[in-house]
Amino acid sequence: MFGTESSLSMFLNTLTPKFYVALTGTSSLISGLILIFEWWYFRKYGTSFIEQVSVSHLRPLLGGVDNSSPNPSNSTNGDTDSSRQSVSECKVWRNPINLFRGAEYNRYTWVTGREPLTYYDMNLSAQDHQTFFTCDSDHLRPADAIMQKAWRERNPQARITAAHEALDLEDCATAYILLAEEEATTIVEAEKLFKQALKIGENCYRRTQQLQHHGSQYETQHRRDTNVLVYIKRRLAMCSRKLGRTREAVKMMRDLMKEFPLLSMFNIHENLLESLLELQNYADVQAVLAKYDDISLPKSATICYTAALLKARAVSDKFSPEAASRRGLSTAEMNAVEAIHRAVEFNPHVPKYLLEMKSLILPPEHILKRGDSEAIAYAFFHLQHWKRVEGALNLLHCTWEGTFRMIPYPLEKGHLFYPYPVCTETADRELLPTVFHEVSVYPKKELPFFILFTAGLCSFTAMLALLTHQFPELMGVFAKAFLSTLFAPLNFIMEKVESLLPSSLWHQLTRI
C-alpha cells in the first residue's frame with residue numbers, strides 16, 4: 001500500500017509543466033470541436049446529438065422505456081386522429097393575396113439582386129397551375145397542348161416563349177394569364193392582358209357550360225374553364241385594388257363570390273376583407289367576419305387578427321395600461337384582449353411584424369397556416385390597417401405576450417385551438433428565403449444541456465491551458481495539490497481497510 005502511494009507521488013513529481021500545458025490544451029481543443037459539432041447539429045436538426053444518441057441507443061440498453069412508442073392496443077383511434085390533425089395543420093395553402101411575378105417579385109430581384117421566392121414555392125405554384133389550368137382533353141386543341149407543356153417548364157423565359165407560340169396559333173386564355181403574371185412589368189400591363197384573357201375565358205366558359213352534361217370530357221373542360229374564369233376575375237380585382245380603384249375591386253370580389261359561392265379554395269373573402277379595411281368600411285368587414293369566422297370553417301390569420309382589430313378599435317383610442325391596472329378592464333376591453341389572445345394563439349408570429357420588432361420581406365406564393373409564412377403574408381398587407389386605428393398597436397403591444405401564460409405547453413395542449421403543430425418550422429424553411437430572412441420559431445427552443453455543458457467545459461479547459469502556459473510552476477503545484485486532495489479519500493479508505501485486515505491476508509492479496 002505504501003509502495004503504491006509513494007509511486008503515485010513520484011509520478012506526480014516527475015510531471016513537467018509542459019505536460020500540464022499539453023493536457024489542458026488538448027482537452028480544450030477536443031471540447032471545442034465537440035461544441036462546434038453540437039451547435040451545428042442543433043441548428044440543422046433542432047436537437048442535441050449527444051442527447052439523441054443517449055435516448056435512442058443507450059436508454060434501451062439500460063432498460064429504459066421509450067414513451068414515444070404507444071401501446072398498440074389503445075392507439076388506433078388516437079393515432080388516426082392525431083395523424084389527420086397533423087396533415088390538416090401542416091397543409092400548404094395558396095396565398096390568396098400573392099403578388100405578381102413580373103410586376104412585383106421580379107422588380108424586387110432587379111433592384112436588390114435577391115430572389116424572393118424559393119424553388120419549393122415556385123414548384124408548388126407550377127403544380128397549382130397544372131391542376132387549375134389544364135385538363136385531359138388539352139391535346140385536342142394545339143394552343144392548350146402547348147400551354148400544358150409550358151406550365152411544366154422550369155425556365156421562365158421558356159414559359160413566356162411557349163405562351164407566345166400558343167397565341168400565334170389561336171386565342172388562349174391561359175396563355176394571356178401566363179404573360180400577365182410573368183412577362184408584364186407593371187400592374188397596368190398585367191391588367192390589360194387579364195382583360196384580354198377575360199373575353200376568351202368567358203366565351204369558353206359559356207360554351208362548355210352548355211355541354212358539360214354531354215360526357216365526362218366536357219365536364220372536365222367546364223371545370224377547367226371555371227377555374228380559369230374565377231382566377232382571371234380575382235386577379236383583375238386585385239389589379240384594381242393595387243391601382244387605387246378599391247371600390248371597383250370590392251364590387252368585383254362581391255360579384256365573384258355570388259357567382260361562384262362554392263369555390264372557397266381561392267379564399268376570395270380574404271381579398272375582400274383587406275379591400276374593405278382600406279375603405280375603412282368596418283361594418284361590412286364585420287358582416288364578412290360573421291359569415292366566415294365560423295367554428296366549422298378553417299381559420300386564418302386574416303380572420304383572427306381582423307376580428308381582433310375590430311374589437312380593439314372600440315377601446316384602443318382611450319386605452320391606458322396604467323389606468324387599466326388601477327380600475328381593472330372594462331367589458332369591451334376584456335373582449336378586445338381576449339380577441340388578441342385568440343389571434344396570437346392561432347398565429348404567434350404576427351405581433352412581431354405588426355409591432356415592427358422584426359423586418360418584413362415579400363410574402364411567398366404559398367403559406368402555412370399558423371406559420372411564419374402566413375404571418376409575413378398577413379402583416380405585409382394589413383400593417384397599414386393596424387396603424388390607421390389609433391391605439392390598436394399599443395393595445396397589442398401591452399397584451400399579446402399574455403397569451404403564452406394561458407398555453408405554457410403549446411405543442412401539447414392549446415386553449416382555443418389545436419396544439420401548435422410541430423411541422424411549421426420545417427415547412428416555413430422551405431417556403432421562405434432563409435438566405436436573408438431568419439425564420440421565426442415557436443415555441444422558442446432552448447439550448448440543450450449538453451451544448452451548455454460542452455461550452456462550459458471548453459471555456460474552463462481553455463482558461464486552464466492559458467494559465468498553465470503563463471504560470472507553469474504555480475499551476476504545477478496546484479495540479480499536484482488537486483490530485484493529492486482528489487486521492488486523499490481513497491488513501492484514507494485503503495488505510496482503514498489495511499488496519500482491519502490481517503497483515504498476512506493483505507500480503508497475499510497484494511501478491512495476487
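Mentor: Let's start with a term: buried means under 20% relative accessible area, exposed over 50%, and partly exposed lies in between (1.4 Å probe, protein chains only). This is a predicted model, where local features need pLDDT of at least 70, side-chain atom pairs count only at pLDDT 80 or more, and totals for chains, interfaces and linings use all residues. Residues are numbered from 1 along each chain as its sequence is written, and side-chain values use heavy atoms, with hydrogens and water left out.

Trainee: Is Cys304 buried or exposed?

Mentor: Cys304 counts as buried, at 1% relative accessibility. Cys239 is buried too, with a relative accessible area of 0%.

Trainee: How many disulfides are there?

Mentor: A disulfide is a covalent bond between the sulfur atoms of two cysteines. The rule asks for a pair of cysteine sulfur atoms within 2.5 Å, and the count here comes to 0.

Trainee: At what angle do helix α7 and helix α9 pack?

Mentor: Helices are DSSP runs (H or I, at least four residues), strands likewise (E, at least two), numbered from the N terminus. Axes are lines fitted to C-alpha atoms, for helices over the stretch in contact, and angles run from 0 to 180 degrees between N-to-C directions. Helix α7 (residues 142-150) and helix α9 (residues 173-183) pack at about 35°, their axes 9 Å apart.

Trainee: Which residues in α7 and α9 meet?

Mentor: With contact taken as heavy atoms within 4.5 Å, Asp144, Met147 and Ala150 in α7 meet Thr174, Ala175 and Leu178 in α9.

Trainee: And where is Arg370?

Mentor: Arg370 lies in the loop between β2 and α19 (372-388). Arg370 has a positive phi of about 75° although it is not a glycine, and Arg370 is buried at 2% relative accessible area.
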